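Subject: Handing over the model

Hi,

Here is the structure I promised to send over. Please have it open while you read, as my notes follow below.

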Amino acid sequence: MQNSFIARNPSVLWFLAALGLFTFGVTILSEATGLGLISTSFVKTLGKTLCLCLIAIAMDVVWGYCGILSLGHFAFFGIGGYAIGMWLMYARTETIVLESLAGQNIPATPQEISDAIGNQIFGVVGSSDFPAIWAFADSLVLQLAMVVLMPGLLALVFGWLAFRSRVTGVYLSILTQAMTLALSLYLFQNDSGLRGNNGLSGLQNIPGFEATPQATISIIFFLASAFALGAGYLFFAWVISGKMGSVVQGIRDNEARVRFLGYQVESYKLFIFTITAIVSGIAGALYYPQAGIINPGEIAPIASIYLAVWVAIGGRGRLYGAVIGAAFVSLLSSWFTGGGAPNVNLGFYTIQWTDWWLVLLGLSFVVVTLYFPKGIGGLFDYLVRKPS
């Protein structure tokens with residue numbers, strides 16, 4: 001019993017219990033149940049926050065445990081969002097087109113319907129033809145598969161090329177950032193097939209649920225996000241425990257020694273890099289239907305840098321630290337940039353937090369790095385281990 005998974009990872013039960021209580025409380029107090037103590041918009045904010053916590057866990061595993069500072073994981077997050085967004089936009093537009101053509105005396109041909117859908121989606125970029133990447137956009141099952149396959153394949157190819165060349169440290173971070181920047185710049189182009197700077201919009205309108213109130217849809221996505229976070233936490237806690245966890249952390253601490261001991265370092269790093277990319281894609285697929293829109297700006301390198309800041313503030317090398325950091329910064333950001341924080345009038349100058357939030361976030365990162373290297377999560381370690 002002493003060597004059981006739970007005995008070696010007591011934080012798992014505590015986390016799952018806390019997540020369960022939180023999920024139950026939000027569900028009961030939401031507008032979907034009739035109590036309305038928590039607004040639908042805030043339920044969406046909480047659901048999106050849970051998705052950000054999930055990608056923060058993935059980032060913590062690849063950086064805090066394996067030592068790979070990836071500045072491209074938010075690209076995988078965005079790819080997952082684009083993959084599900086393509087189906088959402090196609091299916092919603094198809095419904096609208098079919099309704100508009102229903103009153104015609106002569107039924108529209110399948111080609112006419114396809115052209116009308118293409119014109120509705122791509123007219124904003126001066127086109128009406130479906131690009132090749134939209135070949136499976138009419139199939140929910142295939143697009144869900146793309147949520148997993150597209151981030152996983154990109155990470156597998158990139159990781160194989162980088163790790164087999166033994167690129168490490170800051171050079172690897174620069175490469176991941178370059179990959180993210182290249183993808184972002186490509187998506188900004190109108191001929192990328194994903195509507196360029198306009199991105200995909202109207203994703204909150206779920207096909208087949210037109211008559212369902214947004215309050216109900218928001219709580220469904222909130223529950224799905226909570227389940228994904230719980231499953232992701234449990235999965236990664238299992239991954240980093242036991243022999244694999246020891247090898248992965250050994251790679252972080254002394255890669256050369258682990259290689260000398262006979263372990264295939266590149267294989268371990270490739271597995272961690274790829275599986276965290278897949279989980280990031282799943283998190284993105286849950287996030288953007290709640291956000292309602294996705295555009296290339298979401299994949300910009302700065303987003304991945306923010307992700308690293310969240311993990312650092314929460315405490316890297318601790319799964320619960322990554323969750324704390326992402327939740328804390330995300331909710332605080334919503335409060336400061338959403339007008340919740342009152343402006344401060346100094347007489348000679350008025351501090352408007354919508355303008356100063358990023359400065360405050362940067363200062364927080366510097367302070368944590370210098371004085372609290374274990375982050376917020378390290379405070380829990382101190383309280384637990386503090387002698388009585």
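Helices and strands here are DSSP runs, numbered from the N terminus, with at least four residues of H or I for a helix and at least two of E for a strand. You are looking at a predicted model, in which local features need pLDDT of at least 70, side-chain atom pairs count only at pLDDT 80 or more, and totals for chains, interfaces and linings use all residues. Residues are numbered from 1 along each chain as its sequence is written, and side-chain values use heavy atoms, with hydrogens and water left out.

**Confidence**

pLDDT is the predictor's confidence in each residue, on a scale from 0 to 100. Its mean for the protein is 88, and 97% of the residues reach 70 or more. Helix H14 (residues 375-385) has the lowest confidence, with a mean of 69, while H10 has the highest, at 96.

**The cavity**

Rolling a probe the size of a water molecule over the atoms shows where empty space is left. The search ran on a 1 Å grid over the protein atoms alone: a cavity is a set of points where a 1.4 Å probe fits but cannot get out, a pocket is an open set with protein on both sides within 12 Å along at least five of seven lines, and lining residues have an atom within 4 Å of a point. Grid points are joined across faces, edges and corners, and a volume is the space filled by probe spheres set on the points.

The structure has one cavity of 30 Å³ or more. The largest cavity holds about 40 Å³ of space. Around it are Lys-44, Gln-204, Ile-206, Gln-214, Ile-217, Ser-218, Phe-221, Pro-289 and Gln-290. Both H8 and helix H10 (265-291) supply at least two residues each to this lining, and the largest share, four residues, comes from H8. For classes, Ala, Val, Leu, Ile, Met, Phe, Trp, Tyr, Cys and Pro count as nonpolar, Asp, Glu, Lys and Arg as charged, and the others, Gly among them, as polar. On that basis the cavity lining has four nonpolar, four polar and one charged residues.

**The second largest pocket**

This pocket has a volume of about 510 Å³. Its lining counts 21 residues, and Leu-52, Tyr-287, Trp-310, Ser-330 and Ser-333 are the ones nearest its centre. At least two lining residues come from each of helix H3 (40-65), H10, helix H11 (301-314), H12 and helix H13 (353-371). H12 gives the most, with five residues. By class, the pocket lining divides into twelve nonpolar, seven polar and two charged residues.

**H8 against H12**

Two packed helices are described by the angle between their axes and the distance between the axes. Axes are lines fitted to C-alpha atoms, for helices over the stretch in contact, and angles run from 0 to 180 degrees between N-to-C directions. Helix H8 (residues 214-239) packs with helix H12 (residues 319-337) at an angle of about 145°, and their axes are 10 Å apart. With contact meaning heavy atoms within 4.5 Å, Tyr-233, Phe-236 and Ala-237 of H8 meet Leu-319, Tyr-320 and Val-323 of H12. The classes in this contact are six nonpolar, no polar and no charged residues.

**Single residues**

For accessibility, buried means under 20% relative accessible area, exposed over 50%, and partly exposed in between (1.4 Å probe, protein chains only).

Val-26 sits in helix H2 (residues 10-29) and is buried, at a relative accessible area of 4%. Not counting residues up to four places away in sequence, Val-26 touches Ile-38, Val-43, Leu-46, Ile-219 and Phe-222. Thr-27 is also found in helix H2, and is buried at 18%. Leaving aside neighbours within four places in sequence, Thr-27 is in contact with Thr-33, Ile-219, Phe-222 and Leu-223.

Ser-173, in helix H7 (residues 169-188), is buried too, at 6%. With neighbours within four places in sequence left aside, Ser-173 is in contact with Leu-69 and Leu-71.

Most residues other than glycine have a negative phi, and most peptide bonds are trans. Arg-166 has a positive phi, near 55°; its place is the loop between helix H6 (140-164) and H7, and it is exposed at 52%. Arg-195 has a positive phi near 70°. Arg-195 lies in the loop between H7 and strand S1 (200-201) and counts as buried, at 8% relative accessibility.

Best wishes
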